[in-house]
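Reader: Hi! Could you walk me through this one?

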Amino acid sequence: MERRRSRSPRAAPTRNPLTQKPYSSNYTKLLKDRKSLPVYEALLQLENLLKLHQVIILQGETGSGKTTQVPQYLAGLQKKVACTQPRRVAAMSVAKRVAEEMDVKLGEHVGYSVRFDECSSESTLLKYLTDGMLLREAMKHPTLDQYDIIILDEAHERTLATDILFGLMKEVLQKRRDLKVIVMSATLNADKFQHYFEGAPLLSVPGRLFPVEVFFTQVAEEDYVAAAVKTVMQIHAFEDPGDILVFLTGEEEIETACRNIKKEANKYGESVGKLLVIPLYSTLPPSAQQKIFEPAPGPNTKNIPGRKCIIATNIAETSLTIDGVVYVVDSGLSKQKVYNPRMRVESLMVSPISKASAKQRAGRAGRTQPGKCYRLYTEETYRSELQETTHPEILRSNLTSVVLTLRVMGIDNLVKFDFMDPPAPETMMRALEILNFLGALDDEGDLTELGSLISEFPLDPELSKILITSERFKCSDDILTLCAMLSVQNPFLRPKESGEVADKAKAQFAHQDGDHLTLISVFSAYIREGQRQDWCSHNFINPRSMRAAAEIRDQLLVKFNKLGLQVLSEERGRSENIRKCICSGFFTQVACKEKSSIYATLKEKQCVAIHPSTTLAFRPEWVLYHEYILTSKNYIRTVSIINPIWLLELAPHYFELEGFPDSQGKRQLESLKKSRAKNKK
Ligand code: ADP
Ligand code: MG
């Protein structure tokens, strides 16, 4: 009896059973807050349900305490728990918070794991990880024996990796009768999860949401960033106390809005309260992300209370809850993945959010008291242009990486795999085809030795492939750098007010053969200059990108060495070797000039132009590109010069040319092929 009670969430022992140390005063303080969370009441019920069922669906309003309380409660029962998050920021920030709540050091009993950053140890009982990282763990340990309980959090987001994990869990649950799975979700699509995990009980945590008054703009806003700034200033000047949360779409916009809000607020002087403006997006370092939880500033000299204003991406919609928000400003937009298998293009596009998202965003204003939500779009737009819910990501993603992952886990029959929403067969076919051309799968669709090597790196298969091939081209030193640089945000800053100076700075690094080599030179210069922040700002280089690239490079290098690959660099023919090596992975992303500066992609024959950000001094005949950007005009970005002969040498199967539409490029390749055949004879 006694033991039971000490386990109940209400009784608190004075000593931390995990560390054997007395609890700190901070622990006691946080415990009080925790006890007021709606989920707290449901923990015991959850524990009891877990005794009877393998899978449970837990649903509760954002901020009710699901992510922070449920995993730590279960870890307190001495279970090994993994809790997934769709976003790395959330995984890191929540792990830190929960370590504090449990009064343990982050990385010991509570840890996290996100791509290129693992913070856990032997003693870790509870690990927060991105859904992508759990998938990677499943490649190594297909039945995930290292965990007793797996929590798939933010299930309503339906990210690609979470969707794959759903299917995977179904298979693992069959094999491991001891395994428990909890699916946690914010919005009301619980019946879909219940239906999918047949017979799983639903535990609903009652929400506490205050009413939120919603305002639309009367006429459509042309510049939503400017409109957001204006709205924030109006709230700040005229509305009652309470913090503001603004939803925009990305880093650049958010930084612009922050600058402009600060500028505007300064103009008002002491006639308005102090305003603390905080950006929130995924590429910010964790310490900067943590700022959102700082209290709002106190009253100014005129005794007007201060407020904080957080300008965030979609991440603040459900993953992170910021207390004290009373006003929400919603641009109605977010960056979303779109994929067109026919054009083989996956890109991030600023797109309208769904009605469900708009409702979630508004809800952020009513957590602690009645709030207001200002939508920067018209009611007509809301009604006619916003879909009911966001399409699952699996329906708008390139699946190459996922298909390889499933193959490595031994799931061969993709048709039989139990997808919650099956992706388009065409997208699956494309993925299988590309993996075959890359040499990761053989003609029977079985995993090759190269394929399993490719899957070792936490990179897209194309990038892994060039990393592996780089040994053969004696340029692994440079390709390691390139892979790291292609994994971070664009390092070149170009503020509007000093565009020309920034361009001049960039020109110093320009390599005549293209942007890939330019990226490598920037990194070399950064290292040569001692990784200095002032060097970065002087040269309009984003220091965050460079720091991240250096870290990623180190990690790739460790893996590279572990796999027994050699780091080589040979000066002779360096540029050519690097570009050939890139061709070995990205041969599907090439374009040939049709006329003046218009290019056509080879297989799809899409008309594209080289993005103005290129450092190429002229428009060469043949190029390889890293990114395809769909806007009003179609651009290819990060572009290098190639020799078409390399394509025939490195990817002969892909360039059999039969299915290719007629174009300049095709004709050139055909005649190259003919003359090569003649020469051979
Ligand atoms: P849910 O997962 O149900 O949306 P959470 O467990 O994320 O809810 O949040 C519960 C509470 O913990 C919220 O009030 C939130 O503001 C708070 N919280 C979460 N992370 C932090 C943090 N790093 N610092 C301060 N408070 C936090
Ligand atoms: Mg949560």
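Author: Happy to; we can start with the ligand and then turn to the overall fold. This is a predicted model, where local features need pLDDT of at least 70, side-chain atom pairs count only at pLDDT 80 or more, and totals for chains, interfaces and linings use all residues. Residues are numbered from 1 along each chain as its sequence is written, and chains are lettered from A and ligands numbered from 1 in the order in which they are written.

Reader: Great. How many residues surround ligand 1, and which are the closest?

Author: There are 16 around ligand 1, and the closest are Lys66, Thr67, Thr68, Arg97 and Phe293. A residue is near a molecule if its C-beta atom, placed from the backbone, lies within 6 Å of it.

Reader: Which helix gives the largest share of that shell?

Author: That would be α4, with 4 residues. Both α4 (66-76) and α5 (88-101) supply at least two. Helices here are DSSP runs of H or I, at least four residues, and strands are runs of E, at least two, numbered from the N terminus.

Reader: And why does ligand 1 lie between domains 1 and 2?

Author: Because domain 1 (25-205) and domain 2 (212-394) both give residues to its shell. The domain bounds come from an automatic or database assignment.

Reader: Switching topic: how many helices and strands are in the protein chain?

Author: It has 26 helices and 21 strands.

Reader: Nice. What does the C-alpha trace span?

Author: About 90 × 65 × 50 Å along the principal axes of the protein chain.
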